[in-house]
Amino acid sequence: MLWSKAFCRCPVLVLSLWFCVEAVPIAVDKTKVETPEQKLEAPQSVDTGLHYDRYLREVIDFLEKDQHFREKLHNTDMEDIKQGKLAKELDFVGHHVRTKLDELKRQEVNRLRTLIKAKQDVEGGHEMNHKALLMQFEYMNHMNPHTFEVEDLDKLIKSATSDLENYDKDRHEEFKRYEMMKEHKRKEHLKNLDKEQRKDEEQHYEELRKKHANHPKINHPGSQDQLKEVWKESDGLDPNDFDPKTFFKLHDTNGDGYIDQQELEALFTKELEKMYSPNLEEDDMTEMEEERLRMREHVMNEVDTNKDRLVSLDEFLMSTNKKEFKEPDSWETLEQAPAYTDEEMKLFEEQLAQEESNLNQKNVELQKQKEELERQQEQLNAQKAELQQAVEQMQIIKFEKANAAVDVKDGRATEAVPPGGQALPVLPGDSQPLPPTHQQDLPAHS
């Protein structure tokens, strides 16, 4: 059983993103249905997006195998977790679990050290202090890299909770930058066109914008109309027979008694398909995912009263009794609510200009360094050529001197030759040595 299911019994569900499954359309006969006895999909793990996701999952998996820890988990609330009370229960888990947790921590420390070493190598670093550098990773006790202790669990829970709470905020910032960059590139493209081409391009852009905005009415996320459309189109049921309790149980796809964020996002697929298609030029799939996130956040803010990032059956039924459920306001889509302001766009372009200026300056410096290196290489090549020429000249002089030396012995003259050569006899007054075949015919001298 996954930790997130245990968390579903207490208000600690802010960590429930760790193990979730995306909801899928369920084929049901077009008649009234009772609560389904079996779920068609088994729970599957979803990546949290945290850089220590694997370590987090493995720690949770082994902690869940300890009966004592599981029981304490059922009776622990959020404040106790924040104060570290749950982490203290680590002292009472089985020895085999602690041994495995020690191993997992050592593996994670080695992984971080490898990352640090790789970064240092890329940046041209030299000697490093691993212990000091490990301090940047707040989800573990870096002072003890060998064993998994209470402080490690406390740090892991608090870090994951904080990081996951900021995850949506980071996604919004990434999307904002994506949109501003897209607009910046469009403007830069227009600058490179002549007047007629620019007019045609702007007209084409406006046509695409209007085509995207020309879509069926978007139901307010979480409203009765929106849920009834899912009930009809995805569940195959009669809208007149809509029942909130049955709807909840149909879309609690992992059967844990809660609709988590992924199951909730799956409910908006039909609405998003009205606005976006991967086959159309005017539709941007990155914008579609941002719209999905906006819808999920809106419904969570309206329905999730205890802010545990899950929707319980009671919370869901309570929301269906509100006036906003039956008479909602119209939903403001992304094209009606731009991701950035004019001021933000101006600052973004100034930052890009500064970054471009810095890159250009860096390129100039690199070009100068390249030219200097090439000049030094040319000097080295010239020096090498001069040295080689001097060596060759010395060898020629040495060879000429050796050839000019004549050794006269016993009335014979022998021309000196370089080492390894064969000296030939030379007759007095003769400038040419006799060939070897005639050496034996020379008269002997007394």
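Me: Over the ring of which residue does the charged end of lysine 65 sit?

Reply: A charge counts as sitting over a ring if NZ of Lys or CZ of Arg is within 6 Å of the ring centre and within 35 degrees of the ring normal. Here the charged end of lysine 65 sits over the ring of phenylalanine 62, at 4.2 Å from the ring centre. The face of tyrosine 205 has arginine 186 over it, 4.0 Å from the ring centre. The model is predicted, with local features needing pLDDT of at least 70 and side-chain atom pairs pLDDT 80 or more, while totals for chains, interfaces and linings use all residues. Residues are numbered from 1 along each chain as its sequence is written, and side-chain values use heavy atoms, leaving out hydrogens and water.

Me: How many helices and strands does the chain have?

Reply: Helices (H or I, at least four residues) and strands (E, at least two) are DSSP runs, numbered from the N terminus. The chain has 17 helices and 5 strands. Among contacts (heavy atoms within 4.5 Å) with a separation of 6 or more, 67% are between residues 24 or more positions apart.

Me: Why is the pair of phenylalanine 247 and phenylalanine 316 stacked?

Reply: Rings of Phe, Tyr and Trp (its six-membered ring) pair if their centres lie within 6.5 Å; planes under 30 degrees apart are stacked, over 60 edge-to-face, and the rest tilted. By this rule the count is 5 aromatic pairs. The ring centres of phenylalanine 247 and phenylalanine 316 are 6.1 Å apart and the planes meet at 10°, so this pair is stacked. The pair links distant parts of the chain, since phenylalanine 247 is in helix H11 (residues 244-251) and phenylalanine 316 in helix H15 (residues 313-319), 69 residues apart. Phenylalanine 247 is buried at 0% relative accessibility, and phenylalanine 316 is buried at 7%. Both belong to one aromatic cluster, together with Trp231, Phe242 and Phe248.

Me: Which residues of H11 are buried?

Reply: H11 is mostly covered, with 6 of its 8 residues buried. These are Pro244, Thr246, Phe247, Phe248, Leu250 and His251. The buried residues of H11 pack against helix H10 (224-233), strand S1 (258-259), helix H12 (261-266), strand S2 (311-312) and H15.

Me: What does threonine 320 touch?

Reply: Threonine 320 has its place in the loop between H15 and helix H16 (323-326). At 8% relative accessibility, threonine 320 is buried. Not counting residues up to four places away in sequence, threonine 320 touches Pro244, Phe325 and Lys326. Pro244 is among the buried residues of H11.

Me: Which residues of helix H3 are buried?

Reply: In helix H3 (residues 67-74), the buried residues are Phe69, Arg70 and Leu73. They lie on the same side of H3, because they cover an arc (taken from the directions of the C-beta atoms from the helix axis) of only 100°.

Me: Which members of the largest nonpolar core touch the most other members?

Reply: A nonpolar core is a set of buried Ala, Val, Leu, Ile, Met, Phe, Trp, Tyr and Cys residues joined through side-chain atoms within 4.5 Å. The largest core has 29 residues, of which Tyr55, Val59, Leu101, Tyr139 and Leu153 touch the most other members. Helix H2 (53-63), H3, helix H5 (85-88), helix H6 (95-122) and helix H8 (150-191) each give two or more residues to this core. A second, separate core of 27 residues includes Trp231, Leu272, Tyr276 and Leu334.

Me: Where is tyrosine 55 found?

Reply: Tyrosine 55 is found in helix H2 and is buried, at 2% relative accessibility. Setting aside neighbours within four places in sequence, the contacts of tyrosine 55 are Leu104, Lys105, Glu108, Tyr139, Met140, Phe148 and Leu156. Tyrosine 55 and glutamate 108 are 53 residues apart in sequence, yet 6.8 Å apart in space, C-alpha to C-alpha. With its own neighbours within four places left aside, tyrosine 139 is in contact with residues including His51, Tyr52, Tyr55, Glu108 and Leu156.

Me: Is glutamate 179 buried or exposed?

Reply: Glutamate 179, found in helix H8, is buried, with a relative accessible area of 14%. Not counting residues up to four places away in sequence, glutamate 179 touches Asp284, Glu287, Ala339 and Tyr340.

Conventions:
Buried < 20%, exposed > 50% of the residue type's maximum accessible area, 1.4 Å probe, protein only.
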